[in-house]
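Take a look first, then read on.

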Amino acid sequence: MKRYQGMVFSQAKKAFLTNEEAEDFTQEVFLKAYESLSQFRGESQFSTWLFQIARFRLTKVFKKKKLPLADWQEDISFVADKKRTSVIETLDKEETNHTLRSLISKLPKSYQMPILLHYFENKPLKEIATDLNIKLGTIKSHISRGKDLLRKWWSHEIKS
C-alpha cells in the first residue's frame, strides 16, 4: 500500500472535489485490491492491475452519483451555466496537464523521475532518494533544476 498509495491518491484527487473523497476512494481501491489479491495472476505489473481496479471503482462511483430529483427543480439556466463552466475548466485543466507532461518528457531523465515521483505520485523526497539510490541533496537539486527548466519552457509556451 505504501508503494502505490501516492499514485492512486493523485489520480483520485483529479476525479473528486475534496481530499476526503479522494482519500475514501483510495481506501476503497486498496480494500478491493486486498479482497481480490488471490485473483492477481501476475500477467501484468501489479500497478497496472491496481489501476484497473481503481478505474472500475471510479466508473461505478460515478454511475451511482446521480442528482436527486429535487436538484432538477432548480433554475435550469443556472445548472446549464454551472455545467458549461465545469466543462471549460476541465478542458483547460486537461490542456494544461497535457502541456506540462509534454514539457516534463523533454527534461533530462535525471530530472524527470524525481519530479514525476514527487509531484505526481506524492512521494516524499527521502523515499525518492532511497528508491532511486541517489543522495537526498542531489534529488533536491534535480527537482529544483527541472522546475527551473519547466518554468522557462512554460513561459515560452504561454507566449507562443
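How many nonpolar, polar and charged residues does the lining of the second largest pocket have, by class? Keep in mind as you look that this is a predicted model. Sorted by class, the lining holds 6 charged, 5 polar and 2 nonpolar residues.

Let us stay with that pocket for a moment. The second largest pocket has a volume of about 260 Å³. It is lined by 13 residues, and K2, Q5, G6, F9 and N122 are the closest to its centre. Helix α1 gives the largest share of the lining, 5 residues. Both α1 and α2 supply at least two residues each to the lining of this pocket.

In soluble globular proteins, nonpolar side chains tend to be buried together. Here, the largest nonpolar core has 16 residues, and F25, V29 and L50 are those with the most contacts inside it. Three helices each supply at least two residues of this core: α1 (2-15), α2 (19-35) and α3 (46-64). To see how one of these residues is placed, select L50: leaving aside residues up to four places away in sequence, L50 touches Y4, V8, V29, F30 and A33. There is also a second, separate core, made of 12 residues, with L107, I115, A129 and I139 among them.

Now for the aromatic rings. A search of the whole structure finds 4 aromatic pairs. One of them joins F40 and F46, whose ring centres are 5.5 Å apart; their planes stand at 85 degrees, and because an angle over 60 degrees counts as edge-to-face, that is the name for this pair. F40 also pairs with W49, at 5.1 Å centre to centre. With 50 degrees between the planes, the pair of F40 and W49 is tilted.

W49, in contrast, has a relative accessible area of 15% and is buried, because the cut-off for buried is under 20%.

To finish, show Y4 together with these rings: Y4, F40, F46 and W49 form one aromatic cluster.

Terms used
Residues are numbered from 1 along each chain as its sequence is written. This is a predicted model: local features need pLDDT of at least 70, side-chain atom pairs count only at pLDDT 80 or more; totals for chains, interfaces and linings use all residues. Side-chain values use heavy atoms; hydrogens and water are left out. Rings of Phe, Tyr and Trp (its six-membered ring) pair if their centres lie within 6.5 Å; planes under 30 degrees apart count as stacked, over 60 as edge-to-face and the rest as tilted. Buried means under 20% relative accessible area, exposed over 50%, partly exposed in between (1.4 Å probe, protein chains only). A nonpolar core is a set of buried Ala, Val, Leu, Ile, Met, Phe, Trp, Tyr and Cys residues joined through side-chain atoms within 4.5 Å. Helices (H or I, at least four residues) and strands (E, at least two) are DSSP runs, numbered from the N terminus. Contact means heavy atoms within 4.5 Å. On a 1 Å grid over the protein atoms alone, a cavity is a set of points where a 1.4 Å probe fits but cannot get out, and a pocket is an open set with protein on both sides within 12 Å along at least five of seven lines; lining residues have an atom within 4 Å of a point. Grid points are joined across faces, edges and corners, and a volume is the space filled by probe spheres set on the points. Ala, Val, Leu, Ile, Met, Phe, Trp, Tyr, Cys and Pro count as nonpolar, Asp, Glu, Lys and Arg as charged, and the others, Gly among them, as polar.
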